[in-house]
Amino acid sequence: MELRKLGSQGLVVSAQGLGCMGMSEFYGASDEREAIATIHRALELGVNFLDTADMYGPFTNEELVGRAVRGKREQYVIATKFGNERRPDGSWVGINGKPEYVKRACEASLRRLGVDYIDLYYQHRVDRTVPIEETVGAMAELVAAGKVRYLGLSEAGAQTIRRAHAVHPITALQTEYSLWAREVEEEILPTVRELGIGFVAYSPLGRGFLAGTFRSHEEIPPDDYRRFHPRFQPENLERNLRIVKAVEEVARERGVTPAQVALAWVHRQGKDVFPIPGTKRRRYLEENVAAFDLELSEAECARLEQAAPIGATAGDRYPDMSNVGI
């Protein structure tokens with residue numbers, strides 16, 4: 001796996017990362033032993049860029065990542081996030097970007113991860129009630145204190161990105177990006193490219209949908225978050241299968257998996273785009289890593305994009321879209 005500069009502030013990471021969220025929550029039952037083995041296997045394959053957040057679990061995903069990197073901390077690049085505040089029982093508090101909370105959240109993440117510093121610290125969601133300048137100002141103080149090395153934002157709008165970047169250089173913006181979530185191409189990608197900010201694409205497999213994981217709503221387990229996701233509801237899912245069919249056609253022709261085609265398409269969008277597909281199993285990790293070497297032709301990309309033009313996916317990306325793109 002190739003190493004690249006993420007953004008223009010000096011951070012170097014693997015061109016593809018590993019999303020760790022599903023190892024603890026949202027996508028059904030998990031096996032901690034297999035999850036940790038997956039994180040270790042990632043490093044063997046050259047994937048050193050791990051993505052977690054305090055809200056995953058809640059809190060337990062950072063602890064899992066901390067156990068996995070123990071003794072190898074310097075070999076990994078750890079990204080975590082704050083701002084989606086939850087209680088230990090999993091209940092929702094709200095979005096919090098207050099400066100005092102930023103510092104408190106960072107200390108808690110450092111403790112759970114068992115590390116002295118966080119490589120990349122994101123604001124998970126923008127707090128409408130707190131000026132972004134105040135939140136990023138508090139994040140910048142963490143950099144000055146040596147507790148954080150680089151700063152990021154997640155699901156922020158273009159003007160918020162500009163205002164934040166004026167306070168302290170932003171290294172990365174993380175937002176959903178895949179064949180079924182292409183809206184960032186209109187304003188977000190041009191903005192971060194203008195500012196020298198790297199783009200981290202989460203859910204590059206459309207939460208597994210583009211890999212052909214589910215063909216119907218009934219197949220989704222009761223404890224899987226996707227059962228309640230707008231794009232997986234019966235009517236929307238049926239309409240969105242047309243995108244999967246296009247991916248599967250290319251995959252059959254190339255003798256690869258649909259997941260590899262979907263990931264290869266994201267990689268083809270630019271060397272400043274870093275997908276972080278999530279998995280909790282080594283076999284899927286290995287499949288995803290192999291996608292890095294799959295070169296799609298212009299004709300193949302055109303076919304995929306014709307099947308999935310911007311805005312064509314049925315259903316919103318979240319049940320509540322009021323907290324994204326602020």
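**Overall fold and local features of the predicted chain**

Of the 326 residues in the protein chain, 58% are buried (buried, under 20% relative accessible area; exposed, over 50%; partly exposed, in between; 1.4 Å probe, protein chains only). The model is predicted: local features need pLDDT of at least 70, side-chain atom pairs count only at pLDDT 80 or more, and totals for chains, interfaces and linings use all residues. Residues are numbered from 1 along each chain as its sequence is written, and side-chain values use heavy atoms, with hydrogens and water left out.

The secondary structure comprises 10 helices and 12 strands. These elements are DSSP runs, numbered from the N terminus (helices, H or I, at least four residues; strands, E, at least two). The radius of gyration is 19 Å, close to the 20 Å that the globule rule gives for 326 residues, so the chain is as compact as a globular protein of that length. The radius is taken over C-alpha atoms, and the rule is 2.2 Å times the number of residues to the power 0.38. Along its principal axes, the C-alpha trace spans about 55 × 40 × 40 Å.

Contacts (heavy atoms within 4.5 Å) were examined by sequence separation. Among those between residues at least 6 apart in sequence, 76% join residues at least 24 apart. The chain exposes about 13,200 Å², and carbon and sulfur atoms supply 48% of this area. Accessible areas come from the Shrake-Rupley method with a 1.4 Å probe; for residues, only the protein chains shown count as cover. There are 42 positive and 47 negative charges, and their mean positions are 2 Å apart. Lys and Arg count as positive, Asp and Glu as negative; His and the chain ends are not counted. Each charge is placed at NZ of Lys, CZ of Arg, CG of Asp or CD of Glu.

Helix H5 covers residues 158–167, and its buried residues are Ala158, Thr160, Ile161, Ala164 and His165. They cover an arc of only 155 degrees around the axis, which puts them on the same side of H5. The arc is that of the directions from the helix axis to the C-beta atoms. Gln159 and Ala166 are exposed on the other side of H5. The buried residues of H5 pack against helix H4 (132–144), strand S9 (148–154), strand S10 (172–176) and helix H6 (188–195).

Ser154 belongs to strand S9. Its relative accessibility is 1%, so Ser154 counts as buried. Ser154 and His124 are 30 residues apart in sequence, yet their C-alpha atoms are 5.0 Å apart in space. Beyond neighbours within four places in sequence, Ser154 contacts Gln123, His124, Arg125, Leu173 and Gln174.

Ser109 sits in helix H3 (residues 99–113). Ser109 is buried, at 0% relative accessible area. With residues up to four places away in sequence not counted, Ser109 touches Asp54, Glu62, Thr80, Ile118 and Tyr121.

Backbone geometry was also examined. Gly57 and Pro58 are joined by a cis peptide bond, with omega about -5 degrees. Pro58 lies in the loop between strand S4 (49–51) and helix H2 (60–69). Phe59 lies in the loop between S4 and H2. Phi of Phe59 is near 75 degrees, a positive value in a residue other than glycine. Phe59 is partly exposed, at 21% relative accessible area. Ser203 is a residue other than glycine with a positive phi, near 50 degrees. Ser203 lies in the loop between strand S11 (198–202) and helix H7 (234–254). With a relative accessible area of 14%, Ser203 is buried.
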